[in-house]
Structures are given as C-alpha cells and as structure tokens.
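Please read these points with the model open beside you.

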Amino acid sequence: MFDYKWALKELETIQTLEQLEEVFQKYLGKQWSLTLAFKEMASLSPEEKKEAGKTLSEAKTLLNEAYEAKLQELSIYQINESLNKDLVDFSLEKSPYNIWHRSLLAEVRREAEEVCKSMWFIIEYGTDVVTKFENFESVNIPLSHPATEMQDTIYLKETDPRGEPLILRTQTSSMQNFMIKKYGVPLKAVVPGKVYRYENMDATHDTMFYQLEGIVVDKWVTIAHAKHMIEKLLSAILKKDVETRMRPWYFPFVEPWFEIDARYEITDPKTGKKTMSKWMELLGAGMIHPKVLEMAGVDPKEYSGFAFGMGLSRLAAVRYGIKDIRYFTNGDLRFAQSF
Ligand code: DAH
C-alpha cells in the first residue's frame with residue numbers, strides 16, 4: 001500500500017521549486033503513486049476497500065496540504081532572493097571621477113534668456129558662421145572700415161554667392177538685419193551666442209566669448225526706453241544691485257551710442273575683504289542707425305529702435321566675482337570643480 005508518511009518526509013526536505021514539482025509529479029500527478037494506489041484498490045474486498053479508501057483520501061488531503069504549504073514557503077523565499085539580488089548597494093564607494101559640475105556661463109546665459117522671455121523678447125541663436133555682409137555691412141560697417149580690422153576673425157574656404165569668404169561671427173549684432181527681416185517690426189528680440197575674434201587675450205578678453213545682442217524696434221522708441229530697459233535687464237541678470245555708469249563711445253551701427261560699465265568687485269572668500277574694485281565694460285548700446293533700419297527694409301522716418309550687445313562672459317564674471325574670463329573655457333578642473 002502507498003506509504004504517504006514517506007512522501008510527507010520527502011516533501012519536508014525539499015529546497016527548490018523544481019524539486020517540489022518533481023515530488024508532486026511522483027506522488028500526486030496523474031500517472032503516479034497515489035493515483036496508482038487508488039487503482040490497486042479494485043482488487044480488494046469490499047471491507048478492505050472501505051478501509052483503504054479512507055486512508056488514501058486522508059493521505060491525499062494531507063499530501064496536498066503539505067504541497068501547498070511548501071509551494072508558498074519556497075515561492076516567498078524565491079521572491080526575497082531575487083529582490084535581494086536586485087537591491088542597490090548604497091554602501092558602494094563614490095566614483096573617484098567627478099562627472100558633472102555647474103557651468104557658470106551656461107547658467108548665466110539661461111537665466112538671461114529667462115529674464116528676456118519674461119520681458120517678451122523673441123530669442124534666436126543664429127549661426128556661428130555668417131557672411132561678411134551680415135557681420136559688417138548690414139550693421140553699417142563697410143568692408144573698408146577700420147572696424148573690420150579691429151574685429152578680425154577666422155575666414156572659411158567656403159564663400160557666399162558674392163564670392164566673399166564666410167567667417168566666424170565677431171558680434172551677435174550680425175543677426176540684427178536677419179531678425180528684422182524675419183520677424184518684421186515692431187520687434188523685440190535677443191540673440192545669445194558665441195562670437196570669435198582675433199584678440200590679445202587677457203583677464204577680460206578671449207578669442208571666443210559669449211554675447212547677448214538685443215534689438216527693440218517700434219514707433220517712438222527713445223533713448224530713455226533704452227536706458228531703462230537695459231538697467232532692468234542688468235539688475236535682473238546680475239541679481240544684485242550693481243553700480244553702473246554710461247560713457248559715450250563709438251559703434252558704426254548706432255547713433256547716438258554709449259557704453260555701460262559695471263563695478264566689478266572681487267572679494268577674498270577667506271577673509272571676506274575686497275581685493276579688487278574697478279569698472280568693467282559690460283555692454284555697448286545705442287539708437288539703431290537709420291541706415292541699418294533701411295537695409296532691413298524698415299522706414300527710419302516711421303520707426304526707431306535701440307540695440308545693445310552684452311558680454312555674457314563678463315556678466316558671469318561680475319556676478320560671481322571671477323578674476324579672469326578665460327577660466328570659463330580653459331578646462332581647468334580646479335576651477336570647474338569649485339562650483
Ligand atoms: N557688437 C558690439 C561689439 O561686439 C556690441 C554692441 C555695441 C552691440 C553697441 C550693439 C550696440 O547692439 O548697439 O562690440
């Protein structure tokens with residue numbers, strides 16, 4: 001007769017779900033022991049049959065219960081096992097490589113864009129490669145003008161339809177003409193982006209730097225609008241009260257023209273004492289020259305406007321008290337990792 005006690009013992013020793021399945025097939029499956037034992041009963045006397053039937057039914061119930069209990073136990077164990085394997089080990093050592101740091105330049109540019117957006121300026125980036133017409137002539141700098149010499153740049157082999165070589169833009173003012181033609185007037189737009197120049201490098205000059213050009217054209221725009229809006233923009237971007245001053249200067253594409261300087265202070269982080277305080281030129285601005293408007297198809301008798309060009313690298317330097325704008329781009333990890 002079928003010995004179910006033995007089967008129960010075997011069930012107890014089982015460690016895995018696979019083993020459990022084997023034992024199930026062996027004792028409880030259709031072809032196996034218990035089923036066969038029921039079949040064997042056919043040859044027994046009615047008395048014996050009754051007895052054996054009772055024992056076998058009990059055995060079946062007990063075995064099924066034991067099987068279910070084991071199944072549950074092993075399943076929970078298996079789930080916990082795989083959860084343990086998937087756990088993230090928070091005790092792991094930190095990577096010795098610093099994979100990110102803040103980019104002060106990008107941060108200032110993004111914030112400047114947000115400020116401009118909130119003042120309803122359109123934002124365009126334009127391209128680094130431009131024609132000589134865009135970079136110089138469209139902003140009233142004839143190619144023979146000495147200003148082209150002052151803003152020498154990299155010339156490409158490729159040429160424009162006139163046969164003039166394409167260049168890397170020296171100023172984001174090169175987008176003025178394009179923007180007026182694209183959006184028409186009235187217009188309020190800014191162009192943040194990189195510019196390139198043949199430059200004697202020092203703490204405030206680099207051969208590649210970031211500018212933000214702004215242009216506002218409408219009827220009755222005056223120099224008072226320009227002054228007010230530029231001051232608002234500057235204090236929003238610099239996030240602190242910065243002392244500014246206006247000076248006359250000369251730019252061929254505006255008339256009259258002026259430059260705005262900001263007081264630039266460096267404080268020693270250890271002692272808290274000011275180690276430097278001087279004026280830094282932050283932007284050029286002025287009322288758009290009638291010729292620039294005309295070249296973009298706008299009647300200067302009907303419309304006027306102002307334009308400004310800020311050095312974003314310098315703005316970042318003033319805001320964070322950085323000694324030398326070349327730190328922003330020279331890849332010195334000691335600088336990068338300190339933010
Ligand atoms: N484009 C000039 C430069 O790079 C900056 C500038 C001056 C832009 C006066 C202007 C402006 O829009 O009105 O030096």
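**Notes on pockets, sheet and helices**

1. Strand 8 and helix 11 each supply at least two residues of the lining of the second largest pocket. Helices (H or I, at least four residues) and strands (E, at least two) are DSSP runs, numbered from the N terminus. Strand 8 contributes the most to this lining, with four residues.

2. This is a predicted model, in which local features need pLDDT of at least 70 and side-chain atom pairs count only at pLDDT 80 or more, while totals for chains, interfaces and linings use all residues. Residues are numbered from 1 along each chain as its sequence is written, and side-chain values use heavy atoms, with hydrogens and water left out.

3. The second largest pocket holds about 450 Å³ of space. Of its 20 lining residues, Ile266, Thr267, Tyr320, Gly321 and Ile322 are the closest to its centre. A pocket is an open set of points on a 1 Å grid over the protein atoms alone, where a 1.4 Å probe fits, with protein on both sides within 12 Å along at least five of seven lines; lining residues have an atom within 4 Å of a point. The volume is the space filled by probe spheres set on the points, which are joined across faces, edges and corners.

4. The largest pocket holds about 790 Å³. It is lined by 38 residues, and Gln151, Arg197, Phe251, Glu259 and Glu281 lie nearest its centre. Strand 9 gives the most to this lining, with six residues.

5. Which strands stand at the edges of the sheet? Seven strands form an open sheet with mixed pairing, in the order 1-5-6-10-9-8-7. Strand 1 (122–123) and strand 7 (244–248) are at the edges, each with a single partner strand, so one side of each has no neighbour in the sheet. Two strands pair if DSSP finds at least two bridges between them.

6. Strand 7 pairs with strand 8 in the antiparallel sense over five bridges. Thr244 has Ala262 in strand 8 as its bridge partner.

7. The axes of helix 1 (residues 4–13) and helix 4 (residues 46–86) come within 10 Å and cross at roughly 0°. That makes helix 1 roughly parallel to helix 4 (angles under 35 degrees count as roughly parallel). Axes are lines fitted to C-alpha atoms, for helices over the stretch in contact, and angles run from 0 to 180 degrees between N-to-C directions. Contact means heavy atoms within 4.5 Å. Among the residues that meet are Tyr4 and Leu8 in helix 1, and Leu62 and Tyr67 in helix 4.

Note on methods. Angles under 35 degrees count as roughly parallel, over 145 as roughly antiparallel, 65 to 115 as roughly perpendicular and the rest as oblique.
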